[in-house]
Amino acid sequence: MRRAPQLRVGLVPALLTAALAALASLAPVAAVVPGCAAAGSNHAPLVVEHANGSVVTRCVAFDSGSISGEELLNRSGVAWSGQTFGGFGAAVCALDAEPARYASCPGQDHYWAVFVSRGGGTWQLANIGISALTLADGDAEGFRYVPSAGTPSAPVAPGVCSLPAAAATAHAGATAAATIGAPAGVTGRESPALGVAGVAAVANAPSRPSDDSPGSGSGLDLGLLAAAVAGVGLAGLALLRLFAMRVRPR
Amino acid sequence: MSSQPGLAPRAWLAWSLAAVTVALSTTNPIYRGLVALAALNVLLTWLPPGRRVRPLALAVVLAAAFAALVNVLASHTGADVIVRLPSDWPLVGGPLTVESLAFGGALGLGLVAALLAVAPLSLVLEPHDVVDAMPGALERTGIAVATSLNLVGGLGRTFTAVRDAQRMRGWRPRGIRSGNEVLVPVVLTAIEDSVLLAEAMEARGFGAGRRTSYARSSWGKWESAVVAGALGSAVLFIVIRLLGAPVDWYPYPTLAWPPIHPALVAGCLALALPAFVPRRPSGRPTPGGAD
């Protein structure tokens, strides 16, 4: 019985931490208009497709192994504002001045659908907020302003923003997130060329099988497999116990 | 003494708190479903003879169905429309979508998991076990709550007895006013019972000092394992959320498969540990002093 107070003491900080985390997640996201991002060894393209079909693209560099979708947007220099929805994370309400004003987020008629592309694969709709979205080198983040009704269409295909080997040495210290945006009115389904620090590094995305969901790696989904085995095992055990209770009432 | 040769009441309380925390800390239906299945296994393992699980199952199913229904009627977000109700209908007017139905189902599953997680506190433990499990600071509050809950059951029994007695005297229910002939005696009896209970508790020294127990509940390695597993599971969910990994699931705007983290699946499985705890040989409890 002496261990119980220790366990109780351990529970209180955990609950306090959870309460503080919940409060922190309710804080509104302020409008962000960052400057150009610093150079980095990893890169991820950003594609923004407006309702009128105009496309803006950026290539964002980062040094860490991964970057959140929100941080990538901040470093891209594209102006945006958003709102945090509890555990969902930050949602984009206005991006690159569309809509110019909004009374509700997400909007009644249109909203910014968020997509993610893993390793140059096809766009997948992200069902989590951009603050919860994690992107690695070669992944891409896409936004498209779509009508509220119906399945949202994906934006133009993401390009690949990688540096040629010859330019790699000159890359350090250069300004990333260089503007590689397409002029307004681009209607093609391929994104314009992407580059970093003015280096014209253009390559189309290789054709790869799409991932099952945003955030998942390619190949066998270990989480899904574990959940299936655990669920079937627990359900089978519960049925066996129910059967035993019926056959041999206690 | 505990009525069941099983886990110590404090282990049950810690397990229930952790399971409820996990169930309500995520909107992911996979994790919620796993917590519900783990709690169901634990409940079926330790359900004492004579206790029925059917009323709980009925309540759980009704609560889940109600949550799903309310969400699908009140939330009109989502891309895939099932049916479109006239927009001039208050609250429910507008498109009813597959996505809102799915999210309502996830909400219902959360309720199911939470109810099954706290069910052992009422179905496996006796009220005095729950009071014993309370931390010292909450002991008197726990007694007050347990006593109040006991009075609810007593109120139902009194209502049945008074109603039957009035019927034998020729009373028949005729509208709301005739209900007074049953309700007034029931309320008076409840007040009288409360006064009697308070006098009985005072006669037994309630409030004079710390509560004592006939038997000291033993704390062994299984209790430690169950509490460590349950609290570890709750902490794992909180830490992974703080690290920024997706723990929640939202089906809007279009339905998508929830993200699943293998470590969180393992955390849910840890909650099923009480279902594998061997029963201690039953016997007379060890007499002990103040607990």
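B:Asp248 is buried, with 6% relative accessible area, where buried means under 20%, exposed over 50% and partly exposed in between (1.4 Å probe, protein chains only). The side chain of B:Asp248 meets that of B:Arg241 in a salt bridge, at 3.0 Å from N to O; a salt bridge is a side-chain nitrogen of Lys or Arg within 4 Å of a carboxyl oxygen of Asp or Glu. B:Arg241 is partly exposed, at 29%.

The model is predicted: local features need pLDDT of at least 70 and side-chain atom pairs count only at pLDDT 80 or more, while totals for chains, interfaces and linings use all residues. Residues are numbered from 1 along each chain as its sequence is written, chains are lettered from A and ligands numbered from 1 in the order in which they are written, and side-chain values use heavy atoms, with hydrogens and water left out.

Over all chains, six salt bridges were found. One of them joins A:Glu49 to A:Arg144, with the closest N and O atoms 3.4 Å apart. This pair links distant parts of chain A, since A:Glu49 is in strand E1 (residues 42–49) and A:Arg144 is in strand E9 (residues 140–147), 95 residues apart. Helices (H or I, at least four residues) and strands (E, at least two) are DSSP runs, numbered from the N terminus. A:Glu49 is buried, with a relative accessible area of 2%, and A:Arg144 also counts as buried, at 18%. Another salt bridge is formed by the side chains of A:Arg118 and A:Asp139, at 3.0 Å from N to O. A:Arg118 lies in the loop between E6 and strand E7 (124–125) of chain A and A:Asp139 in the loop between strand E8 (134–136) and E9, so the pair ties together parts that are 21 residues apart in sequence. A:Arg118 is buried at 15% and A:Asp139 at 7%.

The structure has one disulfide over all chains, defined as a pair of cysteine sulfur atoms within 2.5 Å. The disulfide joins A:Cys93 to A:Cys105, with an S to S distance of 2.0 Å. A:Cys93 lies in strand E5 (residues 89–95) and A:Cys105 in the loop between E5 and strand E6 (110–117) of chain A, so the link ties together parts twelve residues apart in sequence. Both cysteines are buried.

The largest nonpolar core has 54 residues, and those with the most contacts inside it are B:Trp12, B:Trp15, B:Leu43, B:Leu56 and B:Leu271. A nonpolar core is a set of buried Ala, Val, Leu, Ile, Met, Phe, Trp, Tyr and Cys residues joined through side-chain atoms within 4.5 Å. Both chains contribute: helix H4 (222–247) of chain A and, among others, helix H1 (9–24) and helix H2 (29–46) of chain B each supply at least two residues of this core. A second, separate core of 25 residues includes A:Trp112, A:Val114, A:Leu133 and A:Tyr145.

Between the chains, 38 residues of chain A are in contact with 44 residues of chain B, contact meaning heavy atoms within 4.5 Å. Chain A and chain B bury about 3600 Å² between them, 70% of it on carbon and sulfur atoms; buried area is the accessible area (1.4 Å probe) that two parts lose on being put together, summed over both. The count of salt bridges between chain A and chain B is zero.
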